[in-house]
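Hello,

Here is the structure for you to look over. My notes on the aromatic rings follow below it.

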Amino acid sequence: KHTMKIGIIGGGVSGITAAKVYLEQGFQVTIFESNAYLSGMWKYISNQGYHLNQWRSPCYASLTTNTPKRITEFSDFKMPEDYSTYPTHEQMYNYLQSYIQENNLQEYTEFSALVSSVMKSDDQWQINYQQDQKLRQKSFDAVSVCVGHHWNPKLIATEGVSLFEGILMHSSEYETNALFQGKTVIISGLGVSGNEILHDVRSVAGAVYASSKRYVEGNAILTSDQDIDIVADIVEFISDGVILSDGSQIKVDAVIYCSGYQITLDFIDETYTNLSKENNTVDLFRRIISPVDPTLSFIGFITTYGSINPISEAQAKYVAKTLLGLIDLPSKEEMDQEIYDWKQTINEYRPMNHDYWDYLNYLYSFINKTSPNTVRVASIQAASVLGDIEGNRKKFIKLTKLAAKNGAKFVVFPEASITGYVSQDLNTTWHVPGRPMSKRPGKHVPFESKDLEHYAEYIPGRTTDIFSELSRELNIYIVVPLIEKVER
């Protein structure tokens, strides 16, 4: 366990995976979450209204992930097999709650804690926050900002908006399509959220228009659809509709802006981030580390056509290794140059975007480099001979010594490697005292009615003693997974 303390601001996906990774590395952590729960945007709360000045969870009733579950889950915490290929928001929320409980993250969280400022003083980060109507402060050696960038709506100033008498909302305030039953609706913006909400609304609306400058320019994601009219972007409102950039007018009952979000970091000095509100970018080395102070990191601030969950997990692992000194960071000048080079490649639509697989592989190329704290694990497999316990033992002793010679600290055997027992009916389990038995309705029958003492050993037994002595001799751990847990 390290004495280093890390403050984590935000308890959404990025915050909880950062906490889990840091705790595994022995750091002391505190999560500051402004809500009374962990999981961020995946908690659906109905009846929040659609007023533009009211913060709310952007989760809506029909929301699903837009990435398959196998690339949405964390690397060491699988989603249940019965989950949808694209999990619903309920499934996603339950999955995150299981992850939180599995890692006991509530114990490390300050709930209903609104962070007001983060400042560095005397080599310590001071996090000031409001909780229970009191101002509080805690000190840390490092800080990870995990507030994400899907919470502060980017609003478009459009002429005449105050004249519009219909429904006007941002995608962050969308809840269900019930409000738009039989209405004429225009969706402004055809990014990921725009497409999803558009197809949800069109199932109940009288008419749906999709407004996008990018579509007119031939760059929109949406493909033409026979029951969706594609129009130019909105430039002005009138009482009962909108005026488009091509001069045409459309009468509409509702306008839903899917214009994205503004990265907002009001609680920290822009010296550390060089936040550009115009370009919606933050200057971060490898999109993670502040070049001004490497003990300040930002998890989950990139966009990608893939799930943020594995990205944030990898970023947290990268940060942990930099704090442990296992990844060397370049000079500030070199980090600034890396940021400059990256900014030459960004696009206006998704300025913080990276290719999902390229970025993950890039981070893991640093994370997986062998270091003094790396533990090597060897998995051994050999052609066992049924019943030849002595011969099998010799094979595994030889391979174990070879693994130890190559630096393995843990050597893992298959569960039936020494006895050479192989199940022929694929419906077999192990029972105390170590005898393999075939499962049959109502009773257990010995495998092929043979003398099982010849094919399986008691545990502990002769083989256990031999390999226990070998593990002490080689100063390694030998691990034999068992098929089922038993009292003994």
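**Rings and charges**

Arg287 lies over the face of Trp342, 4.1 Å from the ring centre. Please keep in mind that this is a predicted model.

The charged end of Arg286 sits over the ring of Phe366, at 3.9 Å from the ring's centre.

Phe366 also has an aromatic partner, Tyr362, and I come to that pair below.

Now the ring pairs. Searching the whole structure gives 17 aromatic pairs. One of them joins Tyr174 and Phe180. Their centres are 6.0 Å apart, with 15 degrees between the planes, and the pair is stacked.

Tyr362 and Phe366 make a pair with another geometry. Their ring centres lie 5.1 Å apart and the planes stand at 90 degrees, so this pair is edge-to-face. Where do the two residues sit in the chain? Both belong to helix α7, residues 356-367. They are four residues apart there, which means about one helical turn separates them. Tyr362 is partly exposed, with 34% relative accessibility. Phe366 has 16%, and buried means under 20%, so Phe366 counts as buried.

Last, a cluster. Phe74, Phe77, Tyr95 and Tyr99 are linked into it by ring pairs.

Best wishes

Key
Residues numbered from 1 in each chain as written. Predicted model: local features only at pLDDT ≥ 70, side-chain atom pairs only at ≥ 80, totals over all residues. Heavy atoms only, no water. Phe/Tyr/Trp six-rings, centres within 6.5 Å; stacked < 30°, edge-to-face > 60°. Buried < 20%, exposed > 50% of the residue type's maximum accessible area, 1.4 Å probe, protein only. Lys NZ or Arg CZ within 6 Å of the ring centre and 35° of its normal.
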